[in-house]
Amino acid sequence: MQHSQSEIKKILDQGMITRSLLESEVSMRKCEMYCDIAQDKEVKAFFKDQASALSGLCDFLKQRLVQIM
């Protein structure tokens, strides 16, 4: 079965967004873990901020994925 160019683009976009979402979620969880084990307040704050930013990115990517589907 032959797919149209728009269907192919949609499939590729879904794959790229899904991959970015998974990578961002893993990074977010790592930052949360590093925040939990950090002793220094500044290091804790840094990883907490990073986890928060990645959480926002994940929410954005989820919205985009819904829009494409």
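How many residues apart are K9 and D13 in helix α1? They are four residues apart in helix α1, which covers residues 5-37, so about one helical turn separates them. This is a predicted model, in which local features need pLDDT of at least 70 and side-chain atom pairs count only at pLDDT 80 or more, while totals for chains, interfaces and linings use all residues. Residues are numbered from 1 along each chain as its sequence is written, and side-chain values use heavy atoms, with hydrogens and water left out.

Helices here are DSSP runs of H or I with at least four residues, strands are runs of E with at least two, and both are numbered from the N terminus. Helix α1 has 33 residues, which at 1.5 Å a residue should span 48 Å; its end C-alpha atoms are 48 Å apart, in agreement with that value. The expected span is 1.5 Å times one less than the number of residues.

K9 and D13 form a salt bridge, with their closest N and O atoms 2.7 Å apart. The term means a side-chain nitrogen of Lys or Arg within 4 Å of a carboxyl oxygen of Asp or Glu. K9 is exposed at 51% relative accessibility, whereas D13 is partly exposed at 23%. For these classes, buried means under 20% relative accessible area, exposed means over 50%, and partly exposed lies in between (1.4 Å probe, protein chains only).

A search of the whole structure finds three salt bridges. R19 and E23 make another, at 3.1 Å from N to O, and they too are four residues apart in helix α1, about one helical turn. An α-helix has 3.6 residues a turn, so residues three or four places apart point the same way. R19 is exposed, with 57% relative accessibility, and E23 is partly exposed, with 43%.

K62 and E25 also meet in a salt bridge, with an N to O distance of 3.8 Å. K62 lies in helix α2 (residues 41-68) and E25 in helix α1, so this pair ties together parts that are 37 residues apart in sequence. K62 is partly exposed, with a relative accessible area of 39%, while E25 is buried, at 15%.

E25 belongs to the buried residues of α1, which are I17, L21, S24, E25, M28, C31 and C35. These buried residues pack against α2. Contact means heavy atoms within 4.5 Å.

I37 lies in helix α1 and is exposed, with a relative accessible area of 54%.

Y34 also belongs to an aromatic cluster with F46 and F47. The structure holds two aromatic pairs. In the pair of F46 and F47, the ring centres are 5.2 Å apart and the planes stand at 75 degrees, so the pair is edge-to-face. Rings of Phe, Tyr and Trp (its six-membered ring) pair if their centres lie within 6.5 Å; planes under 30 degrees apart count as stacked, over 60 as edge-to-face and the rest as tilted. F46 is partly exposed, at 46% relative accessibility.
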